[in-house]
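I opened this model to look up strand pairing, ring contacts and one surface patch. My entries follow in the order I made them.

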Amino acid sequence: MKGFKENDYMKMIFRWFPGGDDSVTLEQIKQIPGVTGVAAMLSDIPVGEVWPIDRLEALKNEIQSAGLELEVIESVNIHEDIKKGLPTRDKYIKNYIKTIENLSTIGVKCLCYNFMPVMDWLRSELAYPLEDGSNVLAYNHETVLKMNPALIAEEMLGNSRGYSLPGWEPERLEAMAADINFYKKMSDEQYWENTKYFLDQVIPYAEKYDVKMAIHPDDPPFSIYGLPKLINNVENIRKFLNLNSSPYNGLTLCTGSLGGDMENDIPQIISEFASQGRIHFAHIRNVKHLDKMVFTESAHYSPCGDLDMYKVVKAFYENRFDGYIRPDHGRMIWGEQARPGYGLYDRALGASYILGLWEAIDKNAQIE
(Lines give C-alpha, C1' and ligand atoms only; values in the text may rest on other atoms or scores of the structure.)
Protein backbone atom coordinates (compact mmCIF):
# COMPACT_ATOMS: atom_id res chain seq x y z
CA MET A 1 0.00 0.00 0.00
CA LYS A 2 1.37 3.40 -0.96
CA GLY A 3 1.50 6.20 1.58
CA PHE A 4 -0.76 9.22 1.69
CA LYS A 5 -0.21 12.30 -0.39
CA GLU A 6 0.29 15.49 1.60
CA ASN A 7 -3.03 17.02 0.55
CA ASP A 8 -5.14 14.08 1.71
CA TYR A 9 -3.38 13.52 5.02
CA MET A 10 -5.37 13.54 8.22
CA LYS A 11 -5.14 16.59 10.48
CA MET A 12 -4.30 16.41 14.17
CA ILE A 13 -6.21 18.97 16.22
CA PHE A 14 -6.87 19.72 19.90
CA ARG A 15 -10.07 20.62 21.70
CA TRP A 16 -10.09 24.12 23.16
CA PHE A 17 -12.70 26.21 25.00
CA PRO A 18 -12.61 30.01 24.44
CA GLY A 19 -13.59 32.94 26.61
CA GLY A 20 -11.44 32.07 29.61
CA ASP A 21 -13.22 28.72 29.99
CA ASP A 22 -10.01 26.69 29.55
CA SER A 23 -6.81 26.32 31.55
CA VAL A 24 -4.98 25.51 28.30
CA THR A 25 -3.90 28.38 26.04
CA LEU A 26 -3.71 28.52 22.27
CA GLU A 27 -0.03 29.33 22.59
CA GLN A 28 0.53 26.06 24.44
CA ILE A 29 -1.45 24.09 21.87
CA LYS A 30 0.62 25.61 19.08
CA GLN A 31 3.75 24.13 20.67
CA ILE A 32 2.49 20.53 20.46
CA PRO A 33 4.30 19.00 17.45
CA GLY A 34 1.96 18.13 14.58
CA VAL A 35 -1.13 19.89 15.90
CA THR A 36 -2.53 22.23 13.24
CA GLY A 37 -5.79 23.46 14.70
CA VAL A 38 -8.46 23.26 17.36
CA ALA A 39 -12.03 22.08 17.72
CA ALA A 40 -13.84 24.89 19.51
CA MET A 41 -17.31 25.93 20.63
CA LEU A 42 -19.27 28.84 22.08
CA SER A 43 -20.33 27.36 25.40
CA ASP A 44 -22.38 30.36 26.53
CA ILE A 45 -24.91 30.24 23.65
CA PRO A 46 -28.13 28.65 24.99
CA VAL A 47 -29.07 25.37 23.31
CA GLY A 48 -31.39 26.03 20.39
CA GLU A 49 -30.24 29.58 19.63
CA VAL A 50 -28.31 30.64 16.54
CA TRP A 51 -24.55 30.99 16.94
CA PRO A 52 -23.99 34.64 15.88
CA ILE A 53 -21.68 35.29 12.94
CA ASP A 54 -19.84 38.11 14.73
CA ARG A 55 -18.97 35.81 17.64
CA LEU A 56 -17.80 33.13 15.25
CA GLU A 57 -15.65 35.57 13.28
CA ALA A 58 -14.04 36.78 16.48
CA LEU A 59 -13.40 33.18 17.53
CA LYS A 60 -11.76 32.37 14.22
CA ASN A 61 -9.60 35.49 14.34
CA GLU A 62 -8.40 34.65 17.85
CA ILE A 63 -7.44 31.13 16.83
CA GLN A 64 -5.80 32.16 13.57
CA SER A 65 -3.80 34.84 15.39
CA ALA A 66 -2.22 32.02 17.38
CA GLY A 67 -1.22 30.25 14.16
CA LEU A 68 -3.91 27.57 14.32
CA GLU A 69 -6.88 26.58 12.15
CA LEU A 70 -10.58 26.45 13.02
CA GLU A 71 -12.13 23.87 10.69
CA VAL A 72 -14.02 21.84 13.32
CA ILE A 73 -16.75 22.97 15.69
CA GLU A 74 -17.73 20.64 18.50
CA SER A 75 -20.94 20.59 20.51
CA VAL A 76 -23.61 22.59 18.73
CA ASN A 77 -26.11 20.76 20.90
CA ILE A 78 -29.55 19.67 19.68
CA HIS A 79 -32.52 21.20 21.47
CA GLU A 80 -34.52 18.65 23.42
CA ASP A 81 -37.72 19.58 21.55
CA ILE A 82 -36.13 18.22 18.35
CA LYS A 83 -35.30 14.91 20.01
CA LYS A 84 -38.80 14.73 21.50
CA GLY A 85 -40.44 15.46 18.14
CA LEU A 86 -42.50 18.36 19.53
CA PRO A 87 -44.24 20.88 17.23
CA THR A 88 -41.67 23.50 18.26
CA ARG A 89 -38.85 21.45 16.73
CA ASP A 90 -39.07 23.17 13.35
CA LYS A 91 -38.15 26.50 14.94
CA TYR A 92 -35.06 24.99 16.52
CA ILE A 93 -34.11 23.12 13.36
CA LYS A 94 -34.31 26.40 11.45
CA ASN A 95 -31.93 27.93 14.00
CA TYR A 96 -29.60 24.95 13.64
CA ILE A 97 -29.50 25.37 9.87
CA LYS A 98 -28.68 29.06 10.27
CA THR A 99 -25.84 28.13 12.61
CA ILE A 100 -24.48 25.73 9.98
CA GLU A 101 -24.59 28.55 7.43
CA ASN A 102 -22.69 30.84 9.81
CA LEU A 103 -20.12 28.13 10.50
CA SER A 104 -19.59 27.71 6.78
CA THR A 105 -19.02 31.45 6.41
CA ILE A 106 -15.97 31.27 8.69
CA GLY A 107 -14.57 28.18 6.95
CA VAL A 108 -15.73 25.37 9.24
CA LYS A 109 -15.72 22.00 7.45
CA CYS A 110 -16.92 19.61 10.15
CA LEU A 111 -19.56 19.84 12.90
CA CYS A 112 -19.48 17.36 15.77
CA TYR A 113 -22.81 16.92 17.58
CA ASN A 114 -24.79 14.23 19.36
CA PHE A 115 -28.39 13.08 19.62
CA MET A 116 -28.26 11.72 23.18
CA PRO A 117 -31.44 12.39 25.17
CA VAL A 118 -31.46 14.41 28.39
CA MET A 119 -28.00 13.84 29.83
CA ASP A 120 -25.50 13.91 26.98
CA TRP A 121 -22.30 12.24 28.24
CA LEU A 122 -22.15 10.84 31.78
CA ARG A 123 -19.58 9.62 34.30
CA SER A 124 -20.03 8.44 37.88
CA GLU A 125 -16.70 10.05 38.91
CA LEU A 126 -14.69 12.89 37.43
CA ALA A 127 -11.46 12.34 39.37
CA TYR A 128 -10.99 8.61 39.92
CA PRO A 129 -7.48 7.98 41.35
CA LEU A 130 -5.13 5.65 39.47
CA GLU A 131 -2.17 3.79 40.96
CA ASP A 132 0.31 6.14 39.26
CA GLY A 133 -1.08 9.10 41.22
CA SER A 134 -3.04 10.60 38.32
CA ASN A 135 -6.84 10.80 38.17
CA VAL A 136 -9.32 10.15 35.38
CA LEU A 137 -12.97 10.09 34.43
CA ALA A 138 -14.65 6.83 35.45
CA TYR A 139 -17.97 5.06 34.95
CA ASN A 140 -19.70 2.52 37.18
CA HIS A 141 -23.11 1.47 35.87
CA GLU A 142 -24.50 0.28 39.21
CA THR A 143 -23.44 3.52 40.89
CA VAL A 144 -25.18 5.58 38.19
CA LEU A 145 -28.42 3.61 38.48
CA LYS A 146 -28.51 4.39 42.21
CA MET A 147 -28.17 8.14 41.55
CA ASN A 148 -31.13 10.39 40.79
CA PRO A 149 -30.74 13.32 38.37
CA ALA A 150 -30.00 15.76 41.20
CA LEU A 151 -27.15 13.62 42.51
CA ILE A 152 -25.77 13.14 39.02
CA ALA A 153 -25.79 16.89 38.42
CA GLU A 154 -24.12 17.46 41.78
CA GLU A 155 -21.32 15.05 40.88
CA MET A 156 -20.83 16.44 37.38
CA LEU A 157 -21.01 20.16 38.08
CA GLY A 158 -19.66 20.03 41.62
CA ASN A 159 -16.43 18.46 40.43
CA SER A 160 -15.92 20.40 37.20
CA ARG A 161 -13.33 22.71 38.83
CA GLY A 162 -15.39 25.72 37.77
CA TYR A 163 -15.31 24.97 34.04
CA SER A 164 -18.36 24.48 31.83
CA LEU A 165 -19.32 20.93 30.90
CA PRO A 166 -20.85 20.70 27.40
CA GLY A 167 -24.18 18.90 27.61
CA TRP A 168 -24.60 19.87 31.27
CA GLU A 169 -25.71 23.45 30.79
CA PRO A 170 -27.47 24.75 33.95
CA GLU A 171 -30.66 25.61 32.07
CA ARG A 172 -31.10 21.93 31.16
CA LEU A 173 -30.81 20.55 34.67
CA GLU A 174 -34.18 21.63 36.06
CA ALA A 175 -36.03 19.70 33.35
CA MET A 176 -33.90 16.56 33.62
CA ALA A 177 -36.22 14.42 35.74
CA ALA A 178 -39.29 15.42 33.73
CA ASP A 179 -37.47 14.69 30.48
CA ILE A 180 -36.50 11.21 31.67
CA ASN A 181 -40.16 10.47 32.36
CA PHE A 182 -41.10 11.85 28.93
CA TYR A 183 -38.79 9.44 27.14
CA LYS A 184 -40.05 6.48 29.14
CA LYS A 185 -43.31 6.90 27.23
CA MET A 186 -41.59 7.08 23.83
CA SER A 187 -40.80 3.98 21.81
CA ASP A 188 -37.36 3.46 20.34
CA GLU A 189 -38.96 3.49 16.90
CA GLN A 190 -40.36 6.98 17.51
CA TYR A 191 -36.94 8.22 18.63
CA TRP A 192 -35.40 6.91 15.44
CA GLU A 193 -38.16 8.65 13.46
CA ASN A 194 -37.38 11.92 15.25
CA THR A 195 -33.72 11.45 14.38
CA LYS A 196 -34.51 10.88 10.71
CA TYR A 197 -36.71 13.97 10.64
CA PHE A 198 -33.81 16.08 11.91
CA LEU A 199 -31.36 14.58 9.43
CA ASP A 200 -33.67 15.00 6.45
CA GLN A 201 -34.20 18.65 7.32
CA VAL A 202 -30.57 19.49 8.05
CA ILE A 203 -28.39 17.38 5.75
CA PRO A 204 -29.41 19.15 2.49
CA TYR A 205 -28.13 22.39 4.03
CA ALA A 206 -24.98 20.70 5.28
CA GLU A 207 -24.38 19.72 1.65
CA LYS A 208 -25.20 23.23 0.44
CA TYR A 209 -22.81 24.86 2.90
CA ASP A 210 -20.17 22.09 2.69
CA VAL A 211 -20.18 21.30 6.40
CA LYS A 212 -19.94 17.60 7.22
CA MET A 213 -22.16 16.47 10.08
CA ALA A 214 -20.36 14.06 12.41
CA ILE A 215 -22.52 12.50 15.12
CA HIS A 216 -20.77 11.46 18.33
CA PRO A 217 -21.50 8.03 19.86
CA ASP A 218 -23.58 7.68 23.00
CA ASP A 219 -21.30 8.01 26.01
CA PRO A 220 -21.45 5.64 27.80
CA PRO A 221 -22.90 3.15 25.30
CA PHE A 222 -25.27 1.56 27.84
CA SER A 223 -28.94 2.42 28.29
CA ILE A 224 -29.51 4.50 31.44
CA TYR A 225 -32.95 4.91 33.04
CA GLY A 226 -34.45 3.36 29.92
CA LEU A 227 -33.36 6.25 27.70
CA PRO A 228 -32.92 5.40 23.99
CA LYS A 229 -29.47 4.84 22.52
CA LEU A 230 -28.57 5.46 18.88
CA ILE A 231 -24.82 5.30 18.28
CA ASN A 232 -23.52 2.55 20.56
CA ASN A 233 -22.70 -0.48 18.38
CA VAL A 234 -22.06 -1.41 14.77
CA GLU A 235 -25.67 -2.40 14.03
CA ASN A 236 -27.07 0.91 15.25
CA ILE A 237 -24.38 2.87 13.40
CA ARG A 238 -25.39 1.13 10.18
CA LYS A 239 -29.02 1.91 10.91
CA PHE A 240 -28.24 5.56 11.60
CA LEU A 241 -26.20 6.07 8.43
CA ASN A 242 -28.96 4.42 6.40
CA LEU A 243 -31.47 7.00 7.67
CA ASN A 244 -29.88 9.45 5.25
CA SER A 245 -27.40 8.18 2.66
CA SER A 246 -25.64 11.51 2.07
CA PRO A 247 -21.88 11.37 2.71
CA TYR A 248 -22.43 14.55 4.75
CA ASN A 249 -24.31 12.39 7.27
CA GLY A 250 -21.32 10.89 9.04
CA LEU A 251 -19.62 10.00 12.29
CA THR A 252 -17.33 11.26 14.96
CA LEU A 253 -15.70 7.92 15.72
CA CYS A 254 -14.91 8.05 19.44
CA THR A 255 -12.88 5.01 20.44
CA GLY A 256 -13.46 5.63 24.13
CA SER A 257 -17.24 5.94 23.92
CA LEU A 258 -17.68 2.83 21.79
CA GLY A 259 -14.89 1.13 23.74
CA GLY A 260 -16.99 1.39 26.89
CA ASP A 261 -18.77 -1.74 25.61
CA MET A 262 -16.30 -4.60 25.54
CA GLU A 263 -18.31 -6.29 22.77
CA ASN A 264 -17.47 -3.54 20.28
CA ASP A 265 -14.60 -4.37 17.91
CA ILE A 266 -13.26 -0.85 17.47
CA PRO A 267 -10.73 -1.47 14.64
CA GLN A 268 -13.38 -3.38 12.68
CA ILE A 269 -15.93 -0.60 13.19
CA ILE A 270 -13.37 1.95 11.99
CA SER A 271 -12.54 -0.14 8.94
CA GLU A 272 -16.15 -0.56 7.90
CA PHE A 273 -17.19 3.07 8.07
CA ALA A 274 -13.91 4.77 7.16
CA SER A 275 -13.85 2.70 3.96
CA GLN A 276 -17.26 4.17 3.13
CA GLY A 277 -16.08 7.73 3.74
CA ARG A 278 -18.55 8.15 6.59
CA ILE A 279 -16.10 9.02 9.38
CA HIS A 280 -15.29 12.73 9.37
CA PHE A 281 -13.78 13.18 12.83
CA ALA A 282 -12.00 10.86 15.25
CA HIS A 283 -11.68 11.09 19.02
CA ILE A 284 -8.95 8.66 20.04
CA ARG A 285 -8.57 7.61 23.67
CA ASN A 286 -8.18 4.44 25.71
CA VAL A 287 -10.31 2.82 28.43
CA LYS A 288 -9.61 0.20 31.08
CA HIS A 289 -12.41 -2.10 32.23
CA LEU A 290 -12.66 -3.16 35.85
CA ASP A 291 -15.85 -5.10 35.09
CA LYS A 292 -18.24 -5.44 32.15
CA MET A 293 -19.96 -2.08 32.76
CA VAL A 294 -17.30 -0.49 34.94
CA PHE A 295 -14.36 1.31 33.37
CA THR A 296 -11.88 4.10 33.85
CA GLU A 297 -10.27 6.21 31.20
CA SER A 298 -6.52 5.83 30.89
CA ALA A 299 -3.37 7.03 29.19
CA HIS A 300 -3.48 6.62 25.40
CA TYR A 301 -0.59 4.10 25.42
CA SER A 302 -2.04 0.67 24.53
CA PRO A 303 -0.78 -1.27 27.60
CA CYS A 304 -2.57 1.23 29.88
CA GLY A 305 -6.02 0.23 28.62
CA ASP A 306 -8.05 -2.36 26.75
CA LEU A 307 -7.73 -0.88 23.25
CA ASP A 308 -4.88 -1.67 20.87
CA MET A 309 -3.99 1.80 19.64
CA TYR A 310 -1.74 0.43 16.91
CA LYS A 311 -4.71 -1.45 15.42
CA VAL A 312 -6.95 1.61 15.88
CA VAL A 313 -4.59 3.97 14.04
CA LYS A 314 -3.79 1.33 11.40
CA ALA A 315 -7.51 0.91 10.66
CA PHE A 316 -7.85 4.65 10.05
CA TYR A 317 -4.72 4.72 7.92
CA GLU A 318 -5.46 1.66 5.77
CA ASN A 319 -8.91 2.98 4.94
CA ARG A 320 -7.43 6.30 3.84
CA PHE A 321 -8.96 8.44 6.56
CA ASP A 322 -8.26 12.07 5.72
CA GLY A 323 -10.44 13.81 8.28
CA TYR A 324 -9.63 15.24 11.68
CA ILE A 325 -8.21 13.44 14.72
CA ARG A 326 -7.89 14.73 18.24
CA PRO A 327 -6.54 13.05 21.35
CA ASP A 328 -9.54 12.66 23.59
CA HIS A 329 -9.80 12.69 27.37
CA GLY A 330 -6.53 12.36 29.21
CA ARG A 331 -5.45 11.80 32.78
CA MET A 332 -4.86 14.69 35.13
CA ILE A 333 -1.10 14.43 35.67
CA TRP A 334 1.86 16.39 37.07
CA GLY A 335 -0.31 18.40 39.45
CA GLU A 336 -2.35 20.04 36.71
CA GLN A 337 -5.73 21.56 37.62
CA ALA A 338 -7.99 21.68 34.58
CA ARG A 339 -11.41 20.75 33.23
CA PRO A 340 -11.85 17.01 33.94
CA GLY A 341 -10.47 15.05 31.00
CA TYR A 342 -9.12 18.14 29.27
CA GLY A 343 -5.77 18.95 30.76
CA LEU A 344 -2.84 19.90 28.56
CA TYR A 345 -0.15 17.41 29.47
CA ASP A 346 -1.68 13.98 28.97
CA ARG A 347 -3.54 15.00 25.83
CA ALA A 348 -0.30 16.41 24.39
CA LEU A 349 1.35 13.06 25.14
CA GLY A 350 -1.60 11.37 23.44
CA ALA A 351 -1.31 13.51 20.32
CA SER A 352 2.40 12.71 20.03
CA TYR A 353 1.77 9.00 20.56
CA ILE A 354 -0.94 8.88 17.88
CA LEU A 355 1.23 10.83 15.44
CA GLY A 356 4.14 8.49 16.13
CA LEU A 357 2.00 5.46 15.33
CA TRP A 358 0.69 7.14 12.17
CA GLU A 359 4.19 8.04 10.99
CA ALA A 360 5.48 4.50 11.52
CA ILE A 361 2.50 2.95 9.71
CA ASP A 362 2.85 5.46 6.87
CA LYS A 363 6.57 4.85 6.38
CA ASN A 364 6.11 1.09 6.45
CA ALA A 365 3.38 1.43 3.81
CA GLN A 366 5.74 3.39 1.56
CA ILE A 367 8.41 0.68 1.88
CA GLU A 368 5.89 -2.03 0.98
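I began with β6 and strand β11 (residues 294–298), which pair in the antiparallel sense over three bridges; strands are DSSP runs of type E with at least two residues, numbered from the N terminus, and two strands pair if DSSP finds at least two bridges between them. Across this pairing, Y139 stands opposite F295 in β11.

The model is predicted, so I kept to its limits: local features need pLDDT of at least 70, side-chain atom pairs count only at pLDDT 80 or more, and totals for chains, interfaces and linings use all residues. Residues are numbered from 1 along each chain as its sequence is written, and side-chain values use heavy atoms, with hydrogens and water left out.

I then turned to the other neighbour of β6. Strand β5 (residues 125–129) runs antiparallel to β6 and is joined to it by three bridges. P129 has N135 in β6 as its bridge partner. The two strands form a hairpin with five residues between them, and G133 in the turn has a positive phi of about 95°.

How enclosed is strand β6 (residues 135–140)? Five of its six residues are buried, so the strand is largely enclosed by the rest of the structure. Buried means under 20% relative accessible area, exposed over 50%, and partly exposed in between (1.4 Å probe, protein chains only).

Next I searched the whole structure for aromatic pairs and got 14. Rings of Phe, Tyr and Trp (its six-membered ring) pair if their centres lie within 6.5 Å; planes under 30 degrees apart count as stacked, over 60 as edge-to-face and the rest as tilted. Y205 and Y209 are stacked, because their ring centres are 6.4 Å apart and their planes are at 25°. Both sit in helix α9 (residues 188–209), four residues apart, so about one helical turn separates them. Helices are DSSP runs of type H or I with at least four residues. Y205 is partly exposed at 34% relative accessible area, whereas Y209 is buried at 17%.

I also noted F316 and F321, a tilted pair with 5.0 Å between centres and 55° between planes. F316 is buried at 0%, and F321 is buried at 3%. One aromatic cluster consists of Y96, Y113, F115, F182, Y183, Y191 and F198.

Last, I checked charges over rings (NZ of Lys or CZ of Arg within 6 Å of the ring centre and within 35 degrees of the ring normal). R89 lies over the face of Y197, 3.5 Å from the ring centre. R339 has its charged end over the ring of F17, 3.6 Å from the centre.
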